[in-house]
Amino acid sequence: GLGIGMCAMVSLLGGNAALAADADTTWKELGFKFSGAAEASYTQNFNNPNTNLNQLRIFDTQANSFVPQVAQFMVERPAAAGSATDRIGFRARVNFGAQSRFSRARTNYQPGTDNNELDVHELYAEYIVPIGNGLKIQAGKINTLIGYEVINSWENPNFSRSFTFGLAQAFTETGIRFTYPFTSWATAAVGLVNGWDNIEDNNRGKTVTWNLALTPIEMFGISFYGSYGNEQSNGNAGGGNAATVGCTLGNTGCDPTAKRMVMGSLITFKPTDKDTLVIEPYYGNEENASAAGFNGNSRNARWNALLAYYTHDFNDQMQPNALSLRVRGEIFEDAGGARTCYGGNNFNGGSNVCASSPAGGFTTAAPLFNTATGTGARQTLWEGTVTLQWKPAPSLITRAEFRYDKSDKNVFLRGGEATNNQQTLGFSVVYLF
């Protein structure tokens with residue numbers, strides 16, 4: 001009896017192993033790929049703000065605190081030229097952790113709350129139409145075409161994100177996108193989407209986004225991106241499908257027919273294999289963004305920025321003990337106070353809190369937010385960031401980063417007093433699998 005039982009157990013174990021091997025083979029044959037990441041961080045604010053907040057930051061908002069930033073899981077099957085089956089693909093990327101409080105799209109089920117740590121980062125299907133060089137069609141929720149930086153820190157040169165990314169750009173787009181490679185060095189993409197970070201459309205209009213990327217030579221590349229469309233809510237989608245209130249003029253105005261337009265460029269120089277310089281000019285304008293006009297003048301909002309990124313790799317980044325230096329400089333002008341100091345945890349995906357704007361959100365007592373005109377702080381921000389990245393192994397990224405923020409207004413906190421600057425030292429560890 002014991003012999004028979006042992007044989008049965010061995011047979012069962014062997015069968016399970018065979019099933020696992022078959023499943024693994026089938027997974028690979030279908031072209032499925034599974035990957036992910038886990039990130040934790042710590043940020044020290046030398047101003048020691050009594051709110052425990054790093055003002056005007058995105059994702060690294062928690063001052064003097066260890067933070068489990070994100071656990072990310074992604075399943076995808078990239079579409080590729082070939083048979084009819086090869087041309088079909090998809091991506092599903094899900095985030096858990098503190099980062100999800102700010103990366104979640106505005107109309108994603110429970111807007112206005114800051115404790116939801118689940119975010120469906122991307123979810124889309126794609127198909128390559130066999131026309132010419134292959135027309136890729138993607139439908140669903142996708143990372144935006146706008147800007148250089150993205151949600152994931154490890155896909156950016158630096159751990160912290162720029163003011164421009166956190167305060168003046170979309171994170172994701174939900175809709176349809178068409179991408180066509182004209183040549184090996186010229187690719188164009190255009191999308192028709194609900195709007196900036198909208199799972200559900202918050203008005204009856206749609207936004208057009210675009211990107212044209214040119215790399216005529218290996219040492220130089222340039223791309224042109226932008227978006228144009230209706231972004232203000234008609235009052236019935238600001239709180240998801242549950243909202244039933246009408247549209248009334250207030251904080252950011254209320255004109256669902258108003259157009260928001262942004263445009264920018266990424267200019268890339270690679271003088272050597274180890275050095276990369278990226279320059280990003282950026283411009284934004286929105287009609288009727290203020291109920292009473294900015295500073296008593298135009299109701300249109302304007303914001304613009306200039307960013308520069310420099311990366312130097314000391315050795316091969318795909319080998320153990322890879323070391324690199326990353327430097328970012330940025331100037332961001334909020335000409336009317338349309339993008340900064342609004343308070344709240346979900347405006348533009350981030351905290352957007354200033355020294356005189358309490359974390360609770362809007363208030364008539366906050367001199368940097370005027371409820372009569374619907375404007376925040378008219379200011380110019382600039383920052384300098386130096387990041388040292390070390391990869392003990394290709395799948396393990398560690399970063400140490402010093403950042404200096406400055407404004408021409410007292411929007412930061414030193415203890416409990418308003419000041420015009422803040423300095424932080426951040427550390428992050430990312431494991432990729």
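Predicted model: local features only at pLDDT ≥ 70, side-chain atom pairs only at ≥ 80, totals over all residues.
Strand S12, which covers residues 275-286, pairs with strand S13, residues 301-313, in the antiparallel sense, and 12 bridges are found between them. Strand S13 is also joined to strand S14, residues 322-334, by 11 bridges, and these two strands likewise run antiparallel. Leu306 in S13 illustrates the arrangement. Pro281 stands opposite Leu306, while in S14 the bridge partner of Leu306 is Ile331. In a regular strand, side chains alternate between the two faces of the sheet.

Nonpolar side chains tend to be buried together in soluble globular proteins. In this model, the largest nonpolar core has 26 residues. The residues with the most contacts inside this core are Leu56, Trp196, Tyr282, Trp303, Phe332, Leu381 and Val411. Two or more residues each are given to the core by helix H3 (163-168), strand S11 (259-272), S12 and S13. Of these elements, S13 provides the largest share, with five residues.

Asn203 lies in the loop between strand S7 (186-193) and strand S8 (207-217). The relative accessibility of Asn203 is 7%, and Asn203 therefore counts as buried, since the cut-off for buried is under 20% relative accessible area. The side chain of Asn203 reaches the backbone oxygen of Gln232 at 2.8 Å. When neighbours within four places in sequence are left aside, Asn203 is in contact with Asn230, Glu231, Gln232, Asn234 and Pro256.

The last feature is a covalent link. A disulfide is a covalent bond between the sulfur atoms of two cysteines. The structure holds one disulfide, which joins Cys341 to Cys354 with an S to S distance of 1.9 Å. The torsion about the S-S bond of Cys341 and Cys354 is about -75°, so the disulfide is left-handed. Cys341 and Cys354 are 13 residues apart, and each is placed in the loop between S14 and strand S15 (379-393). Both Cys341 and Cys354 are buried.

Note on methods. Residues numbered from 1 in each chain as written. Heavy atoms only, no water. Pairing = 2+ DSSP bridges. Helix = DSSP H or I, 4+ residues; strand = E, 2+ residues; numbered from the N terminus. Core = buried A, V, L, I, M, F, W, Y, C linked by side-chain atoms within 4.5 Å. Buried < 20%, exposed > 50% of the residue type's maximum accessible area, 1.4 Å probe, protein only. Polar contact = N/O pair within 3.5 Å; in protein donor to acceptor, adjacent residues only side chain to side chain. Contact = heavy atoms within 4.5 Å. Disulfide = S-S within 2.5 Å.
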